[in-house]
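Dear colleague,

Please find the structure below, together with the sequence.

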Amino acid sequence: MNGWEKMMANLCIKINENDNVAVAIKNIDKGIEVFSGVVTVEDIPQAHKIALVDLPKGSEVYRYGVLLGTTSVDIKKGGWVNETNLVMADAPDLDSMKFGVNIKTDLPKPKRTTWMGYKNPNGGYAGTRNILGINTTVQCVAGVLNVAIKKIRAELLPKYPNVDDVIAVNHPYGCGVAIDAPEAKVPQRIIRNISQHPNFGGVFMLIGLGCEKFTADRFCEPFPELNTKENVVILQEHKGFVAMLNAILEMAESKLKILNERKREELPLSDLLVGMQCGGSDAFSGITANPTAGYAADLLVSGGGTAMFSEVTEVRDGVQFIAERCVNEEVGKRLVEEMKWYDDYLKMGGVDRGANTTPGNKKGGLSNIIEKSMGSIAKSGTSPIVEVLSPGERPTKHGEIFAATPASDLVCGPSQLASGMGLEVFMTGRGTPYGLAAAPVIKLCSRNEMKDQWFDIIDFNAGPAAIGEKTIDQLGEELFDFILDVASGVKKPFTEQYGLANDLCVFNPAPIT
């Protein structure tokens, strides 16, 4: 069980020898012995914590070997420990962390070291799909573009069988924003970098309105050679709606002709960037789903590829363990910079890190952000951290990378796209139909019950690890194979099959005007 201690007929799991709580594998009634001498004194819901010893008021509570907080009331041995009777501990001190003291080099070796992808004409990571991405300067053009997308799919796309899809890269930015504010660099970087995504094959197409703040000129500042009439349609320059549509369709067809020439070829793992994200987490996420993803990430890194994990608020309370894996002080200091930036950002908004946990997280047994963070960082595996990125930045290294993004699924995903990820592995305990149009999203659940509930949305189930049917290593190997199959176009995850894709929500810490 990968170092876990299972107790009394698969009733609960203790993660670390120093833990004084265990997690219920299923609903446990009052009066059930879950461990030698530990009998439940009340009903314990699935995924929630059982006190393994008496915990008088003020007692420290440990899970993952980490202090979650102190009890606010007396809790008897066999009692239920949850968010209502636990006072959260302080966050780790960012100025006293040690860097590079836990560098693991004996990573598991992958059996597969190549995949079938699309070379990126712009250089860098390769594409997993062949998509015409039509970019936008401002949210105002979304309605027109969405109509055009329907016509392109119906009338043009069937003529170009090597192109997987055409998508609108809509976003809520572009006007009504402080366009020159210092932090405006964040959303602008994300939007620009998405336009250069490897799945778009080096083909650039942009729709603007004409009076927005984020003009086509500003959009194309890093690549002015793309700001031409062959690549940019400005709606206000066209006489009427039909003329707008015709201009978009005419340009789209010229781009589809180029993309239709792309072909998959055998590529090394070094050309693949996989994003790791979790959402709708529960207490099993850190026991099954995230460790499974982490093992697959280690296989990818060991084979020369790149795995990228994110979500600052869900790393912040486990950041000391990430710091220990930073390859040098430079990377460690970048980690601290991003954590401090986010601490200040939350403070400015009048909230603290505890605002992250949702009602669903708590119903799923996560009492606070410390517990959630310890489960979240498991998706990063054990590989050395070679680089830390600000939101939407492009990697310059291969290996395990931390990309500092908000934890919101709909904000984290676009930020990872901007960094060039070819596909995303998304772990969940409670369930979410979240998806991305620009890259496939593999759904990985933490419990058998979740797979049974959403049998046709969840692609991969890590639940068998909780009851000892499979090990994390076995599941990680299987997930790694599935990742390469999806990256190679051999398999499609359910979200891609159904077209489940959320609109892009771009992280904008700058003021709205």
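The second largest cavity holds about 40 Å³ of space, where a cavity is a set of points, on a 1 Å grid over the protein atoms alone, at which a 1.4 Å probe fits but cannot get out, and a volume is the space filled by probe spheres set on the points, which are joined across faces, edges and corners. This is a predicted model, in which local features need pLDDT of at least 70 and side-chain atom pairs count only at pLDDT 80 or more, while totals for chains, interfaces and linings use all residues. Residues are numbered from 1 along each chain as its sequence is written, and side-chain values use heavy atoms, with hydrogens and water left out.

The lining of the second largest cavity, meaning residues with an atom within 4 Å of a point, consists of N135, T136, V169, H171, I191, I194, F219, L504 and V506. Of these, six are nonpolar, three polar and none charged, counting Ala, Val, Leu, Ile, Met, Phe, Trp, Tyr, Cys and Pro as nonpolar, Asp, Glu, Lys and Arg as charged, and the others, Gly among them, as polar. At least two lining residues come from each of β12 (131–136) and α2 (185–195); helices (H or I, at least four residues) and strands (E, at least two) are DSSP runs, numbered from the N terminus.

Turning to helix packing, α5 and α12 (residues 472–487) meet at an angle of about 60 degrees, with their axes 8 Å apart; axes are lines fitted to C-alpha atoms, for helices over the stretch in contact, and angles run from 0 to 180 degrees between N-to-C directions. That makes α5 oblique to α12, because angles under 35 degrees count as roughly parallel, over 145 as roughly antiparallel, 65 to 115 as roughly perpendicular and the rest as oblique. The contact between them (heavy atoms within 4.5 Å) involves residues including I287, P291 and L299 of α5 and L475, L479 and F480 of α12, and by class it has twelve nonpolar, three polar and two charged residues.

Methods: On a 1 Å grid over the protein atoms alone, a cavity is a set of points where a 1.4 Å probe fits but cannot get out, and a pocket is an open set with protein on both sides within 12 Å along at least five of seven lines; lining residues have an atom within 4 Å of a point.
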